[in-house]
Amino acid sequence: MQYTEIMVRYGELSTKGHNKKNFIDRLGANVRQALHKFDQVKVHAQADRLHVDLNGENYDDVMNNLKNVFGIQTFSPTIKVEKTFEATCQAAEAMVAEQVKDHATFKIETKRADHDFAMDTFEMNAKLGGYLLDKFPDKLKVNVHNPDMTIRVEIRLNGIYLSSETIKGAGGLPVGTAGKGMMMLSGGIDSPVAAYLGMKRGVSMEMIHFFSPPYTSPQALAKAKQLTEKLAKYAGSIKFIEVPFTEIQETVKEKVPEGYLMTVQRRMMLRLATAIMEKRHGLAIFNGESLGQVASQTMESMLAIEDVTNYPVLRPVLSYDKTEIIKIAEDIDTYDLSILPYEDCCTVFTPPSPKTKPNVEKARLYEKHMDIEGLMQRSMDGMKITTIHPGEDYLNQNEDVFAELL
């Protein structure tokens, strides 16, 4: 069946009161960006629903892209027919013939925006249901409470629209409605999941990735970019910020006692993330910390590290266990990539016994032996920003090296 539009339902956006228009406008913009490669598609974001006019484009391809747009609760492929009972019957008959292979229960659900149309909702429900029972006496049976198939009929001013499938969307809020956040992306399992969860709540994410050549390889950097590519489908594109960290790690290794290496390294990362966020007008810093998962992810450690910033540090996976995080990683297709062998700057120089309850005053004392401002400035001067789009391939550029690792 050649559908003419896809009807999108908002879900959570319907509760937004006076701000609802801003959320709907943002969702409309995000949908247009997600569907930009479909030249004929037109998007109309209205107060009650969003309508995607297909104008001949393949509805399966369009729907596959819509599934990744946050802010969409459900959507339905819909066909527009002339505003007559006969045309409605023909379209409904075609839907049943295509979708019902054996036996099914059904009901008709009519909404009438055009109150001048000759039939009211009850009459349309009864007559269209009767027509389909006559056409498919051995296939269909009415069940108004829990049907296998619901044929929805909308009588609008410009025609009658029919749909019979309801497809679950990504849910959440449109990316960009909650402001900009800076994600500290490592390359492991947790931080991409944290970024995904933040984006689902409307945050426009930019990825900050610290790399330390020659201790970290170009392949580790490519892997972090590929993880960002996996997440870009939810936002249209994502800024990836490479921050050189070699000099800082070498200095920390030289100046700081072994037990505090991890604490001071992370304090320096958070200082840099804060400076980048201020420069790029962000509102909060995100990371993939899960409470108690590793030695450095205790509340005492978080307190000692967060001492260097006054901005919010948000941890979307804080209360998740590893099994729950892995499940989400598998669902969003980042898990297999995250477990590829790599050495990122969080694993290089890791002491055998990091402090699980570091003291803030001691961390401050050890840092007095370092030129913090100079180290940060040189790191910021070497920063590189790349815009990453869905579908871009960073790993195959290093395919031979990855093959050696596997």
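This section describes the overall architecture of a predicted model and then a set of local features.

The protein chain contains 14 helices and 15 strands. Its C-alpha atoms fill a box of roughly 85 × 50 × 40 Å along the principal axes. Of its 406 residues, 53% count as buried. Among contacts with a separation of 6 or more, 80% involve residues 24 or more positions apart.

Helix 2 spans residues 59–66, and its buried residues are Tyr-59, Val-62, Met-63 and Leu-66. Viewed down the helix axis, these buried residues fall within an arc of 100 degrees, so they line one face of helix 2. They pack against several elements. Two of these are helix 1 (20–34) and strand 1 (5–9). The others are strand 3 (49–53), strand 4 (74–81) and strand 9. A side-chain contact marks the start of helix 2. There, a side-chain oxygen of Asn-58 comes to within 2.9 Å of the backbone nitrogen of Asp-60. The loop between strand 3 and helix 2 holds Asn-55. Asn-55 is not a glycine, yet its phi is positive, at about 50 degrees. Most residues other than glycine have a negative phi. Asn-55 is partly exposed, because its relative accessible area of 47% lies between the 20% and 50% limits.

Gly-171 counts as buried because its relative accessibility is 10%, under the 20% limit. The C-alpha atom of Val-69, 102 residues away in sequence, is separated from that of Gly-171 by 8.0 Å. Beyond its sequence neighbours up to four places away, Gly-171 touches Phe-70, Gly-71, Ile-72 and Gln-73, as well as Lys-200.

The loop between strand 11 (204–211) and helix 6 (218–232) contains Thr-216. Thr-216 is buried, with a relative accessible area of 6%. A polar atom of the Thr-216 side chain lies 2.7 Å from the backbone nitrogen of Ser-212. Pro-214 is found in this loop between strand 11 and helix 6 as well. A cis peptide bond, with omega about 5 degrees, joins Pro-213 and Pro-214. Most peptide bonds are trans.

Asp-333 has a phi near 70 degrees and is not a glycine. Asp-333 is placed in the loop between helix 10 (322–331) and helix 11. With a relative accessible area of 39%, Asp-333 is partly exposed. Ser-338, in contrast, is buried at 3%. Ser-338 belongs to helix 11, which covers residues 335–338. Its side chain reaches the backbone oxygen of Gly-188 at 2.9 Å.

Helix 1 supplies the largest share of the lining, three residues. By class, the lining of this pocket has eight polar, six nonpolar and two charged residues.

Notes. Residues are numbered from 1 along each chain as its sequence is written. Side-chain values use heavy atoms; hydrogens and water are left out. Buried means under 20% relative accessible area, exposed over 50%, partly exposed in between (1.4 Å probe, protein chains only). Contact means heavy atoms within 4.5 Å. Helices (H or I, at least four residues) and strands (E, at least two) are DSSP runs, numbered from the N terminus. A polar contact is a pair of N or O atoms within 3.5 Å; within protein, one must be able to donate a hydrogen and the other to accept it, and residues adjacent in sequence count only if both atoms are side-chain atoms. The arc is that of the directions from the helix axis to the C-beta atoms. Ala, Val, Leu, Ile, Met, Phe, Trp, Tyr, Cys and Pro count as nonpolar, Asp, Glu, Lys and Arg as charged, and the others, Gly among them, as polar.
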